[in-house]
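Please look over the sequence and the model before reading on.

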Amino acid sequence: MAQQTDNSAAKNLSRQAVEMWAAESSIDETIFAEGYQNHQAPLATGGTGSIDLATWAGIVAENHKAFPDLKVEIFGQIAEGDRVSTHWRFFGTQQGSYLGQPASGRPVNWTGVQIDRIADGKIAESWVVWDYFTLRHELGVGN
């Protein structure tokens, strides 16, 4: 049976994790459980897979450099049992290198859904599905 958790506290944890992508945010690893895993479909580098907290934090830090004006908008959240689903949008301008692509000055705007599993008041695991193809198109990759 899924562990029950306080829905508002769980939603706040998930909101904090998603909002760490915003350029003006810092990365707070204390909200994640030991052994945290982030499952991505797709990975920004292609394919699907899982990454640990250190790798995830590195990706977020690189995004801060590539998109120094990146903003996060949360459309909504649903919490049930030990899971929180967050529907979000990221938008900004590519002003630094990203995935081997030099700064383009192009605006970007993509959406996604993140489902977090909360255990003992921390995010233990995340599943993320995001619009990789729109981002690539907006950056002019493969056009």
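The model is predicted. The protein has three helices and six strands, and its elements follow the order α-β-β-α-β-β-β-β-α from the N terminus on. With a radius of gyration of 15 Å, close to the 15 Å that the globule rule gives for 143 residues, the protein is as compact as a globular protein of that length.

**Overall size and surface**

- Taken along the principal axes, the C-alpha atoms of the protein fill a box of roughly 45 × 25 × 25 Å.
- Of the 143 residues in the protein, 42% are buried.
- The protein exposes about 7200 Å², and carbon and sulfur atoms supply 51% of that area.
- Among the contacts with a separation of 6 or more, 61% are between residues 24 or more positions apart.

**The sheet as a whole**

- The six strands form an open sheet in the order E2-E1-E6-E5-E4-E3, with mixed pairing.
- Strands E2 and E3 stand at the edges and have a single partner strand each, so one side of each is left without a neighbour in the sheet.
- On average, neighbouring strands of this sheet are turned by 20° against each other, direction ignored.
- Strands of a sheet pair through backbone hydrogen bonds, and the pairing is either parallel or antiparallel.

- Strand E3 (residues 71-80) and E4 run antiparallel and are joined by nine bridges. In this pair, Val72 stands opposite Phe90 in E4.
- The hairpin of E3 and E4 has two residues between the strands, and Gly81 takes a positive phi near 60° there.
- E4 and strand E5 (residues 107-119) also run antiparallel, with eleven bridges joining them. His87 has Val113 in E5 as its bridge partner.
- Eight bridges join E5 to E6, and these two strands run antiparallel. The bridge partner of Gly112 is Trp130 in E6.
- The hairpin of E5 and E6 has two residues between the strands. Asp120 takes a positive phi near 55° in this hairpin.
- E1 and E6 run parallel and are joined by six bridges. Phe32 has Ile123 in E6 as its bridge partner.

**Helix H2**

- Helix H2 covers residues 53-66. At 1.5 Å a residue its 14 residues should span 20 Å, which agrees with the 20 Å between its end C-alpha atoms.
- The buried residues in H2 are Leu53, Trp56, Ala57, Val60, Asn63, His64 and Ala66.
- The cover over these buried residues includes helix H1 (7-19), strand E1 (32-41), strand E2 (49-52) and E4.

**Thr93, in a strand**

- Thr93 is placed in strand E4, which covers residues 83-93.
- Is Thr93 buried or exposed? Its relative accessibility is 19%, so Thr93 counts as buried, the cut-off being under 20%.
- Not counting residues up to four places away in sequence, Thr93 touches Ala66, Phe67, Pro68 and Asp69, and also Gly105, Arg106, Pro107 and Val108.

**Tyr98, in a loop**

- Tyr98 lies in the loop between E4 and E5.
- The relative accessibility of Tyr98 is 10%, so this residue counts as buried.
- Which residues is Tyr98 in contact with, leaving aside its neighbours within four places in sequence? They are Ala44, Asn63, Ala66, Phe67, Trp130, Leu135 and Leu139.
- Two of these contacts, Asn63 and Ala66, are also listed as buried residues of H2.
- Tyr98 and Glu62 are 36 residues apart in sequence, while their C-alpha atoms are 7.8 Å apart in space.

Notes
Residues are numbered from 1 along each chain as its sequence is written. This is a predicted model: local features need pLDDT of at least 70, side-chain atom pairs count only at pLDDT 80 or more; totals for chains, interfaces and linings use all residues. Side-chain values use heavy atoms; hydrogens and water are left out. Helices (H or I, at least four residues) and strands (E, at least two) are DSSP runs, numbered from the N terminus. Buried means under 20% relative accessible area, exposed over 50%, partly exposed in between (1.4 Å probe, protein chains only). Contact means heavy atoms within 4.5 Å. Two strands pair if DSSP finds at least two bridges between them. The expected span of a helix is 1.5 Å times one less than its number of residues. Axes are lines fitted to C-alpha atoms, for helices over the stretch in contact, and angles run from 0 to 180 degrees between N-to-C directions. The radius of gyration is taken over C-alpha atoms; the globule rule is 2.2 Å times the number of residues to the power 0.38. Accessible areas come from the Shrake-Rupley method with a 1.4 Å probe; for residues, only the protein chains shown count as cover.
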